[in-house]
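Student: I am new to this structure. Can you take me through it step by step?

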Amino acid sequence: RHLRLAEGLRRGPGARREPRGARREPSQSRAEHRRASAPMTSAEPRARLLSAAVVSRANRPLFLGCLATGMDELRLSHVVHSSLDIFDERRAVPTPPGTPVDPYLGLLQPAVDFRVYGYMTSSETKMILVMSDGDIKEPELRQLFRRLHALVVDAFSNPFYVAGNMIASKKFDAGVRQLAVAALPER
């Protein structure tokens with residue numbers, strides 16, 4: 001018992017004891033050790049895909065899909081059109097010759113209750129995803145855009161699709177809805 005009292009005095013008043021069996025590295029502070037041994041919990045809820053949009057080179061909407069219930073389509077259309085200016089700004093920045101251009105543009109504009117992300121193909125077809133405000137990693141977003149890009153290529157490759165018209169394929173619509181469900185699994 002005297003040894004425990006002496007140990008407590010060395011640590012200082014109000015210091016917490018390490019749990020039995022928990023050992024920390026000599027280079028690790030007690031606070032770092034507590035953070036590392038604490039269970040990982042995400043403070044933010046998981047982000048959801050609220051809508052997807054595909055816009056042509058001439059800034060005409062080819063597809064505007066509202067994937068969440070209760071989302072106002074007029075507001076969504078306004079958000080998509082306002083983000084088109086940001087596409088132009090991001091592409092106006094010159095890149096050094098010989099460097100590949102990344103089609104993923106990242107976060108275009110944050111809003112109060114959602115975030116808008118962009119992707120532009122080499123043919124200047126723009127893809128926009130509106131996500132709920134929540135936790136999402138960049139590799140997951142890149143994968144989501146790659147899958148959407150594959151769906152767009154399949155729709156454009158359809159011999160009955162007329163270039164520049166709205167994408168009216170049920171298969172494309174179902175693929176985008178499936179993407180919203182399957183692409184962002186729960187953690």
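Predicted model: local features only at pLDDT ≥ 70, side-chain atom pairs only at ≥ 80, totals over all residues.

Student: How many residues of strand β4 are buried?
Tutor: β4 covers residues 114-120. Buried here means under 20% relative accessible area. The strand is mostly covered, and of its seven residues the number buried is six.

Student: In which sense do β3 and β4 pair, and over how many bridges?
Tutor: β3 is the strand of residues 104-110. A hairpin of three residues joins β3 to β4. Their pairing is antiparallel, over five bridges.

Student: Over how many bridges do β4 and β5 pair?
Tutor: β5 spans residues 126-132. Val 116 stands opposite Val 130 in β5. β4 and β5 run in the antiparallel sense, and the bridge count is seven.

Student: Which residue in the hairpin of β4 and β5 takes a positive phi?
Tutor: Five residues lie between these two strands.

Student: Is Glu 124 buried, partly exposed or exposed?
Tutor: Its relative accessible area is 37%. Buried needs under 20% and exposed needs over 50%. So Glu 124 is partly exposed.

Student: Where is Asn 59, and what is its phi?
Tutor: Asn 59 sits in the loop between β1 (49-55) and β2 (61-66). The residue is partly exposed, at 29% relative accessible area. Asn 59 is not a glycine, yet its phi is positive, about 65°.

Student: How far apart are the end C-alpha atoms of helix α3?
Tutor: α3 has 20 residues, 73-92. At 1.5 Å a residue, they should span 28 Å. The model agrees with that: the end C-alpha atoms are apart by 29 Å.

Student: Which residues of α3 are buried?
Tutor: An α-helix has 3.6 residues a turn, so residues three or four places apart point the same way. Keep that in mind while reading the list. The buried residues are Leu 76, Val 79, Val 80, Ser 83, Leu 84, Ile 86 and Phe 87.

Definitions and conventions. Residues numbered from 1 in each chain as written. Heavy atoms only, no water. Buried < 20%, exposed > 50% of the residue type's maximum accessible area, 1.4 Å probe, protein only. Helix = DSSP H or I, 4+ residues; strand = E, 2+ residues; numbered from the N terminus. Pairing = 2+ DSSP bridges. Expected span 1.5 Å × (residues − 1).
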